[in-house]
Amino acid sequence: MFKMDSHIHSEYSPDSHSKIDDILKVAQNRNIDIIAISDHNTVDGTGEVVKKTRNTDILAIPSIEISSSEGHILGFGCEENIPRDLSPQDTIDRIHDLGGLAIIPHPYCFYRHGLLHKADYKTLKIDAIETKNARFIVGYCNNKAKKLSKNEHIPELGASDAHYYKFVGDCYSLIQCEKDIDSVLKSIKKGKTEACGKGTSNILLSKYLFEKNILKKFD
């Protein structure tokens, strides 16, 4: 079993300043074996991390978080950009055409563009959903996603959704696979995953947001 954090943001996302090197240091310190830089609407960060992890103990999976017309979708395994603002199913079709998996992050979180807050999962070809996203205030949305995963047999994932490198690995997945991209994708599809971890401290998250959004104005 390996530890995987499939949803991390770097400085290539407009709402993060985390350097790839800092992300990798925290991942290594927390014994995360597999990571994915899933930046908003760009694969620039994932391209960098794939290069930097060659010949290291960490496996980097290409990924991107796409803003569909009704909410966010991870193109897990995708190395190319996918246009934003397409319909959810068109976005998912593009992901599948590139050989990736369509993973729904924070599925029911309306204030973070959770796709299933608007879209009906029954009409979509979803490959997996996050049932443990570390960025929550209360656990309602995660619990709802967990129930959906169990009732509909949709593979579950845990992820930090870290926009600040110190939060990498707060939530993660245990995955039964070989340590290569193809095996990771197949294992997720087969549901050989378990969502684990804890929520990011709301105190630390508030401190980070204050420093990022308020103090930087006085720099």
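Trainee: Is Glu65 buried or exposed?

Mentor: The cut-off for buried is under 20% relative accessible area. Glu65 has a relative accessibility of 1%, so this residue counts as buried. Bear in mind that the model is predicted.

Trainee: Where in the secondary structure is Glu65 found?

Mentor: Glu65 belongs to strand 4, which covers residues 65-67.

Trainee: Which residues does Glu65 touch, leaving out those up to four places away in sequence?

Mentor: Among them are His7, His9, Asp39, His40, His72, Pro105 and His106. Two of these contacts deserve a separate look. The side chain of Glu65 makes a polar contact of 3.0 Å with the side chain of His7, and another of 2.9 Å with that of His72.

Trainee: How far apart are Glu65 and Gln89 in space, C-alpha to C-alpha?

Mentor: Their C-alpha atoms are 15 Å apart, with a sequence separation of 24 residues.

Trainee: Now the cysteines. How many disulfides does the structure hold?

Mentor: A disulfide covalently links the sulfur atoms of two cysteines. This structure holds 0 disulfides. Cys171 is in none, and its nearest cysteine sulfur, in Cys196, lies 8.7 Å away.

Trainee: Are Cys171 and Cys196 buried or exposed?

Mentor: Cys171 is buried, at 1% relative accessible area. Cys196 is buried too, at 11%.

Conventions. Residues are numbered from 1 along each chain as its sequence is written. This is a predicted model: local features need pLDDT of at least 70, side-chain atom pairs count only at pLDDT 80 or more; totals for chains, interfaces and linings use all residues. Side-chain values use heavy atoms; hydrogens and water are left out. A disulfide is a pair of cysteine sulfur atoms within 2.5 Å. Buried means under 20% relative accessible area, exposed over 50%, partly exposed in between (1.4 Å probe, protein chains only). Helices (H or I, at least four residues) and strands (E, at least two) are DSSP runs, numbered from the N terminus. Contact means heavy atoms within 4.5 Å. A polar contact is a pair of N or O atoms within 3.5 Å; within protein, one must be able to donate a hydrogen and the other to accept it, and residues adjacent in sequence count only if both atoms are side-chain atoms.
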